[in-house]
Amino acid sequence: MEFEEEKQTAKPVFDEEAASALAKELRATLSSAKTRSYQWRESQLKSLLKLTTSNEPAIVDALRSDLSKPELESQVYEISMLKNSCKLALKELRNWMKPEKAKTSLTTFPSSAEIVSEPLGVILIISAWNYPFLLSLDPVVGAIAAGNAVVLKPSELAPATSSLLAKLVGEYMDSSSIRVVEGAVAETSALLEQKWDKICYTGNGRVGRIVMTSAAKHLTPVLLELGGKSPVVVDSGINLQVATRRIIVGKWGCNNGQACISPDYIVTTKDFAPKLVDSLKCELENFYGKNPLESKDLSRIVNSNHFARLIKLLDEDKVSGKIVLGGERDKTNLRIAPTILLDVSRDSLIMNEEIFGPLLPILTVDRVEESFDLINSGTKPLAAYLFTNNKKLKEHFVRTVSAGGLVVNDTTIHLAVPSLPFGGVGESGMGAYHGKFSFDAFSHKKAVVYRGFAGDASVRYPPYTKGKLRLLKALIGGGILSIIRALFGWSKA
């Protein structure tokens, strides 16, 4: 009897058959044109905003459970940023939905043209564990604004947030158009076997390749938000205290380094490195105390696997002797102190994979300009940062360093500018979203030309003659004079 009761309360298995049924159900809703209306889009964006504002304590608690994330970080970097995305979309939605006028040419005269944004269809969003609330629902804002149906797959590595998202989306959102699927590899694999109209994935490059391979079977476009080794170049002659604080808040103040745009390593000159290290030591103690393992202002490492991965990077023979601050760890509570390493070997493990944790190597060069060649010798990062007062160095940085985004004299803040696209390049990702870019990412830009029945030119119809050829060539490739010459037969075919 007890077994039967357990069986009744067990969650149904989500396999390929269930995934297929879900996709068909959402396509049926899409076919009704329900999601295309302004009213539906507005109502769902308002519901998403209400979902967030009405449940802030529960969201903070879930993030604390999953990552020991400080309330300030949860409020500022997850809740407030999502609310701002919703508010911006609600404010601009009518303008985003309006067709864009396009110029026509003499070739199609008389005519008019426009670009119409239409929904792509059913969107699959596979989210990440490090900012599990924001990175789950921020792409949903763009997908809803563009008029799509959505399946959201939160990360199983943030189980409390995943469970909360499933509950809240079920309560607040239109379940005929927006659904959450919880689970791990099996459920994600079942979803990836289906045909979607776009897949948005946030995570690492290894899984990104799996997602892209699955998408290729159905010729499904992808938006991949990956990562990489985001560098910080530090020049001399700067306000060192301000620079140091901004590096710290971008590294350890962003989920203890577990953020795709967190500084991954620093490059500075041999002469300036000692001053930078001293400043980092001083400010880290000011922020997190003499025993940072006990600080309530630092997130923990997400799980034991990631903890072991970071310790492996730290304990490599080439690296362990380079620690100038930190290195303490608490395996039971999954905590690693902010750690600075000076002059690590460039062929070490820590310099050949994204760190995604509280370890920060510092590389030194003779001249600060050499740092750009060092950055460009690797794969293109999601972000790159420069601290300098040198105007020419700023210009050189912007001109020569290829990354998803650049920030001069700060870190990570470009994420908070809604008028900028957020996305990677090369191995750090493809596609971008945020603000209007989110709407565009989940829209098809449909080209439309309007003509009447007047002004029909026989020159385009058979039988073809040399005179028609002259005139068509002039219409397509020439200016007014060429057309006049063609009309009078003054130009050669």
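Contact, in these notes, means heavy atoms within 4.5 Å.

**Ground rules.** I am working from a predicted model, where local features need pLDDT of at least 70, side-chain atom pairs count only at pLDDT 80 or more, and totals for chains, interfaces and linings use all residues. Residues are numbered from 1 along each chain as its sequence is written, and side-chain values use heavy atoms, with hydrogens and water left out.

**Entry 1, the annotated pair.** I looked up the "active site" annotation in the unreviewed UniProt entry, and it covers Glu225 and Cys260. Positions are in the numbering used here, feature names are shortened, and such annotations may be inferred rather than shown by experiment. The two are spread over 36 residues of sequence, yet they cluster in space, with a largest C-alpha distance of 8.7 Å.

I found Cys260 in the loop between helix H10 (240–251) and strand E9 (265–269). Helices (H or I, at least four residues) and strands (E, at least two) are DSSP runs, numbered from the N terminus. Cys260 is buried at a relative accessible area of 15%; buried means under 20%, exposed over 50%, partly exposed in between (1.4 Å probe, protein chains only). Leaving aside neighbours within four places in sequence, Cys260 has contacts that include Asn130, Ser230, Glu354, Leu382 and Phe422.

With the neighbours within four places set aside, I noted Tyr201, Leu382, Phe422 and Tyr433 among its contacts.

I traced E7 into an open sheet of 6 strands, ordered E5-E4-E3-E6-E7-E18, with mixed pairing. Two strands pair if DSSP finds at least two bridges between them. Strand E5 (178–180) and strand E18 (429–430) are at the edges with a single partner strand each, so one side of each has no neighbour in the sheet. Strands E3 (residues 122–126) and E6 (residues 198–202) run parallel, joined by 4 bridges. In that pair, Ile126 stands opposite Tyr201 of E6.

I have domain 1 as 16–226 + 435–445, domain 2 as 231–427 and domain 3 as 457–487; the bounds come from an automatic or database domain assignment. How many residues of domain 1 are in contact with domain 2? I get 19, against 29 residues of domain 2. The C-alpha centres of these two domains lie 30 Å apart. I also checked salt bridges (a side-chain nitrogen of Lys or Arg within 4 Å of a carboxyl oxygen of Asp or Glu), and the count between domain 1 and domain 2 is 1.
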